[in-house]
Amino acid sequence: MVGAGVLSLPYAMSELGWGPGVTVLILSWIITLYTLWQMVEMHEMVPGRRFDRYHELGQYAFGEKLGLYIVVPQQLVVEIGVNIVYMITGGKSLQKFHNTVCSSCKNIKLTFFIMIYASVHFVLSHLPSFNSITLVSLAAAIMSFSYSTIAWTASIHNGVIEDVQYGYKSKSKAGTTFNFLSALGNVAFAYAGHNVVMEIQATIPSTPEKPSKGPMWKGVLVAYIVVAFCYFPVALVGYWIFGNGVEDDILVSLQKPKWLIAMANMFVVIHVIGSYQVYAMPVFDMIENLMVMKFNFQPSTMLRFVVRNAYVAFTMFVAITIPFFDGLLAFFGGFAFAPTTYFLPCIMWLAIYKPKRFSLSWFTNWICIVVGVLLMILSPIGGLRSIIIKAKTYKFYS
């Protein structure tokens, strides 16, 4: 559940300000926990049937074709978007590790570090299923908790920087507004687990006496408690220490103690290696199914080899082309994460359970839908503007 988006939360706070920032963080935590509970409940709402994929639930709620058209593109954009951002995160963290450990070494461009990070996935992507990446995922979970803790404790150790400023960075009203919208997308990106929750719950054994939603909900609660312990201290302490001068990745702002910052960056690399695989698995599943069912390819090791390597190469190429961490986070956070995380489960809930109009459930779901739709419309605008501004001065494939 803890994504690399946690590293951008202090930066998001700097563009939101104290009051709106804390409100957005808490509201996002509550809304996404509620929608995740809905998905866990809906997994086995039909006796004798399990919705093992997000799109299967969508098809049940909206109809065979419409459900597919609504959910699959959204889910694919989320998963591919996360994989692209994690390519950049892995490359940036490797670069920071290299520069911290060997400050006198020759400067190596980010492009090469992204390629080094991608090389791991050309191997790991051939693991057969979710269960086979359990150890990778466990390592990633430990790492994410560790580097989040290092991020805020090292910030406190660093102390509040001289002449710290908490006002908005942009001097114009338009710039402040766009940055605010972009920051909303950054926060949305941090809450990203919904897109693979069905696939994860599908791996839990289930019987009528002991349905999978029991252990799954316990897991979700533990995950969300860990999320709170990681997200809130990083966001609040990072902003308090660095003010509006904080980098889009908090670990880039930190300089000392050197050995701890180097270790934290290596933890990030290990974490995004595991997380990349968690989000890539459903994409592999979709592409391979499409190749076999639609284009009549024979299921084979060669098909797997070509599809998976081509996908890793594609995400690597896009990451090298537009390595703008905060802009991409905001764009994908609003455009794809807001629907699948904030309001699509609520629409499905209303369509399937049909709660009484003006009841508590009806009101709660409609509030989440309104918040989610506003997020989806507004935050990609800020993210896209950020990418365009950075692209003006960036030398592509330099």
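His55 lies in helix 3 (residues 54-62), where helices are DSSP runs of H or I with at least four residues, numbered from the N terminus. Because its relative accessibility is 17%, His55 counts as buried, the term meaning under 20% relative accessible area with a 1.4 Å probe and protein chains only. Leaving aside residues up to four places away in sequence, His55 touches Leu68, Val71, Val72 and Gln75, contact being heavy atoms within 4.5 Å.

This is a predicted model, in which local features need pLDDT of at least 70 and side-chain atom pairs count only at pLDDT 80 or more, while totals for chains, interfaces and linings use all residues. Residues are numbered from 1 along each chain as its sequence is written, and side-chain values use heavy atoms, with hydrogens and water left out.

Helix 2 (residues 18-42) and helix 9 (residues 213-242) have axes that come within 11 Å and cross at roughly 170 degrees, the axes being lines fitted to C-alpha atoms over the stretch in contact and the angles running from 0 to 180 degrees between N-to-C directions. Helix 2 is therefore roughly antiparallel to helix 9, a term for angles over 145 degrees. Among the residues making this contact are Trp18, Trp29 and Trp37 of helix 2 and Trp217, Phe232 and Trp240 of helix 9.

Helix 12 (residues 301-321) has 21 residues and reaches 30 Å from its first C-alpha to its last, close to the 30 Å expected at 1.5 Å a residue. Its buried residues, including Leu303, Arg308 and Tyr311, belong to a set that packs against helix 4 (64-101), helix 5 (110-124) and helix 11 (258-293).

Note on methods
Helices (H or I, at least four residues) and strands (E, at least two) are DSSP runs, numbered from the N terminus. Angles under 35 degrees count as roughly parallel, over 145 as roughly antiparallel, 65 to 115 as roughly perpendicular and the rest as oblique. The expected span of a helix is 1.5 Å times one less than its number of residues. Buried means under 20% relative accessible area, exposed over 50%, partly exposed in between (1.4 Å probe, protein chains only).
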